[in-house]
Amino acid sequence: MSGKQAGKQPKSFDVIVIGSGPAGYVAAIRCAQLGFSTACIEQSGSASGKPLLGGTCLNVGCIPSKALLDSSHKFHELREHFASHGIRHGNASGGPSIDVAAMMSRKDQVVGQLTQGVAGLFRSNGVTAISGKGSLLAPDRVRVVDGAGETGELAAKHVILATGSEPMTIAPAPVDQQLIVDSTGALQFDAVPKRLGIIGAGVIGLELGSVWARLGSEVTILEALDDFLPALDRQIAREALKIMGRQGLDIKLGAKVTASKCSKRGKNPVSVTFEDSAGTQQAAFDRLIVAVGRRSVSKGLADPGAGLAIDSRGFVEVDEFCATKLPGVYAVGDLVRGPMLAHKGMEEGVMVAERLAGKKTQVNYELVPFVIYTHPEIAWVGKTEEQLRQEGVECVTGSFPFAASGRALAAHDSEGLVKLVVEKATDRIAGCQIIGASAADLLQQIVIAMEFAASAEDLALTMFSHPALSEVVHEAALAARGHAIHKANRKPR
Ligand code: FAD
Ligand code: AMP
């Protein structure tokens, strides 16, 4: 970025996107597809000086965490379950071993392939990638400060803010990225810690805990709340807690971390103090992961004079179409209200681009799917039984255990259940919660069905291939109507 020269008009685009995470890069690509001249500014730089695209999700979030979840799952399967299929891996010295460096290098390759893929998509769609830190000067002006500290200005008809989020920190456990790490540090361990502590039993804490527990860590998760996964259906949450306990995750609820101490020498690198119902407790770990949530990156994003409204939690204020109160300025993804999920941000990016082109695109915020990629996976959408009851809506539920699925048994993957929540008066599907193998993919059938306002009967009358895991969804719909075939029904409806 060359410095602004007096009297020279700044380079101008139809749309400038600040931030290249899933919300920003998708918005930029869709804008370019729709014929807008589009630039995307990204502050993270690669070694070559080019912007490192893809944001949290591709670089230090969804993708590397899933790469490690998949590697560790394969290792765990090999160690624990292959023998039951008659597959022997044994050698003279005993069981399999894990090469952490190789596992990390595979993860880095996957990340590299995808981030370069976004760069390729920018090139093929004609999006201009700009390296630097962007900020809003005025609704039609953006400042860019590049890696060398040079400042420039760009003009735009529309600006889409997509600066995402970063890990939250807590004073009792300051992150040093060595002994006490955040989610980014936990994706880069060079060895399997013997005793791993995690603060926070949310999605990220559970996924990272699963990775390292499968590889051999003794994992303790300290969670301040008394409830486990409070957003989830209670029956599914209880099942999840039971299964994770069997997997060796020691999840302590009602345990609030109040202090920690690091010592590079000695037997206990990290000592943690927490309060629970029994009083003050101590625990010692080799590494500690702080997974207490994320906060939006809105500080310094706009000049005070630009008039961008930011709420008390740090989210940029937007309406249901992601428009800020400033003309032509939009904000999408983790930077704005709603769940901090990549797919939610991507849909917002598409919506904004299409509305700029005069289309009437909307995001259906009622149907955001949620997934925890533990094994088994946990996935849910829509309302729970408890929520509907609180709203005074009568409902019926249909559930079906994976243990009654021939395909799940054949795969030796039969933990969990599907629960379908149906409005009694209309038979309309109101929600679904799944814990079980491939729950994310199974849930997507329900998301599509709900998007088309399907009834439980619609699903019940649909033919599902046999044997397939998706039959559990079919049977849950049958069960909601009191006539599941492959389990005993509670009572006819
Ligand atoms: P981000 O991905 O955070 O991208 C924002 C980008 O903006 C970054 O590249 C940043 O460098 C850049 N930026 C910030 N400020 C500036 C500036 N001033 N100028 C220029 N550039 C700037 N979500 C899921 O849906 N599924 C998952 O499985 C999942 N797993 C996760 C696992 C982990 C460990 C973590 C941490 C997160 C996970 N998430 C997952 C959440 C997901 O990563 C986020 O919801 C998603 O990345 C948000 O996208 P975004 O585009 O809004 O922001
Ligand atoms: P999430 O926001 O889903 O990523 O989950 C983060 C979790 O961390 C929440 O369930 C919080 O209750 C939990 N948490 C936050 N601070 C502490 C703390 N000091 N000790 C233990 N748990 C905490």
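1. The model is predicted, so local features need pLDDT of at least 70 and side-chain atom pairs count only at pLDDT 80 or more, while totals for chains, interfaces and linings use all residues. Residues are numbered from 1 along each chain as its sequence is written, chains are lettered from A and ligands numbered from 1 in the order in which they are written, and side-chain values use heavy atoms, with hydrogens and water left out.

2. Two further polar contacts hold for ligand 2. An oxygen atom of the ligand is 2.6 Å from a polar side-chain atom of Glu-223, and a polar backbone atom of Ala-224 is 3.0 Å from a nitrogen atom of ligand 2. On its own, ligand 2 has 510 Å² of accessible area, of which the protein covers 73% (Shrake-Rupley method, 1.4 Å probe; for residues, only the protein chains shown count as cover).

3. The shell of ligand 2 has 15 residues, and Gly-200, Glu-223, Ala-224, Ala-255 and Val-257 come nearest (a residue is near a molecule or strand if one of its heavy atoms lies within 4 Å of it). By class the shell holds 10 nonpolar, 3 polar and 2 charged residues (Ala, Val, Leu, Ile, Met, Phe, Trp, Tyr, Cys and Pro count as nonpolar, Asp, Glu, Lys and Arg as charged, and the others, Gly among them, as polar).

4. Around ligand 1 there are 36 residues, with Glu-42, Thr-56, Lys-66, Gly-134 and Ala-342 the closest. Oxygen atoms of ligand 1 are 2.6 Å from an N or O atom in the side chain of Glu-42 and 2.6 Å from a polar side-chain atom of Thr-56. A polar backbone atom of Gln-43 is 3.2 Å from a nitrogen atom of this ligand. The protein buries 94% of the 990 Å² that ligand 1 exposes when taken alone.

5. Elements giving two or more residues to the shell of ligand 1 include helix H1 (22-33), strand E2 (38-42), helix H3 (62-80) and helix H8 (342-356) (helices, H or I, at least four residues, and strands, E, at least two, are DSSP runs numbered from the N terminus). H2 supplies the largest share, 4 residues. The shell comprises 13 nonpolar, 18 polar and 5 charged residues.

6. H3 also packs on helix H6 (residues 203-214), at about 35° and with the axes 8 Å apart (axes are lines fitted to C-alpha atoms, for helices over the stretch in contact; angles run from 0 to 180 degrees between N-to-C directions). Glu-207, Ser-210, Val-211 and Arg-214 of H6 meet residues of H3, among them Lys-66, Leu-69, His-73 and Arg-79 (contact means heavy atoms within 4.5 Å). The contact divides into 4 nonpolar, 5 polar and 4 charged residues.

7. The peptide bond from His-375 to Pro-376 is cis, with omega near 0°, and Pro-376 lies in the loop between strand E18 (370-372) and strand E19 (377-382). His-466 and Pro-467 are likewise joined by a cis peptide bond, with omega about -5°. Gln-177, in the loop between strand E7 (165-167) and strand E8 (180-181), has a positive phi of about 60° although it is not a glycine.

Technical notes: A polar contact is a pair of N or O atoms within 3.5 Å; within protein, one must be able to donate a hydrogen and the other to accept it, and residues adjacent in sequence count only if both atoms are side-chain atoms.
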